[in-house]
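Visitor: Could you show me how to read salt bridges and helix faces in a model like this one?
Guide: Gladly; let us look together.

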Amino acid sequence: KKKKKKKKKKEVSMNVSRDFSNDGKQLVIAIKGKFDFSLVQEFRQAYSHIGDSQPTVIIDLRETDYLDSSALGMLLNMRKSLGSSVKGIQLINAKPDVRRILDISRFDKMFVIA
């Protein structure tokens with residue numbers, strides 16, 4: 001029989017990375033490649049267990065090539081789920097095509113987009 005593979009740490013996957021600042025005031029979640037339904041579990045894990053420090057959550061879209069309606073839904077679910085347990089949520093470094101989708105979807109009314 002084959003050996004079971006060890007589970008990866010929650011902090012790192014191929015397409016979603018999670019990085020807390022040393023002071024715990026910022027949680028940066030970076031999405032690489034396509035941000036679509038295939039990342040639903042990894043993305044949810046990335047913002048779970050944030051502790052009591054009420055960090056600002058930053059979604060870094062620098063390496064995000066594409067996002068679809070399920071990604072928009074995941075961002076909305078994250079916002080609803082985290083609620084007042086975070087200071088705020090920012091979407092940063094979106095490429096023009098990704099930014100256009102966010103703008104058309106009026107995400108600038110719900111998130112800080114920088």
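Visitor: Is Asp-103 buried, partly exposed or exposed?
Guide: This is a predicted model, and in it Asp-103 has 34% relative accessibility, so it counts as partly exposed. Arg-99 is also partly exposed, with a relative accessible area of 30%.

Visitor: What links Asp-103 and Arg-99?
Guide: Here is the general idea. Side chains of opposite charge can pair when their charged atoms come close. In this case, Asp-103 and Arg-99 form a salt bridge, with their closest N and O atoms 2.9 Å apart. Both sit in helix α3, and being four residues apart they are separated by about one helical turn.

Visitor: Which residue forms a salt bridge with Lys-95?
Guide: That is Asp-65, where the closest N and O atoms are 2.7 Å apart. Lys-95 is in the loop between β6 and α3 while Asp-65 is in strand β5, so this pair ties together parts 30 residues apart in sequence. A further salt bridge joins the side chains of Asp-60 and Arg-62, at 3.6 Å from N to O. Asp-60 is buried, its relative accessible area being 10%.

Conventions:
Residues are numbered from 1 along each chain as its sequence is written. This is a predicted model: local features need pLDDT of at least 70, side-chain atom pairs count only at pLDDT 80 or more; totals for chains, interfaces and linings use all residues. Side-chain values use heavy atoms; hydrogens and water are left out. A salt bridge is a side-chain nitrogen of Lys or Arg within 4 Å of a carboxyl oxygen of Asp or Glu. Buried means under 20% relative accessible area, exposed over 50%, partly exposed in between (1.4 Å probe, protein chains only). Helices (H or I, at least four residues) and strands (E, at least two) are DSSP runs, numbered from the N terminus.
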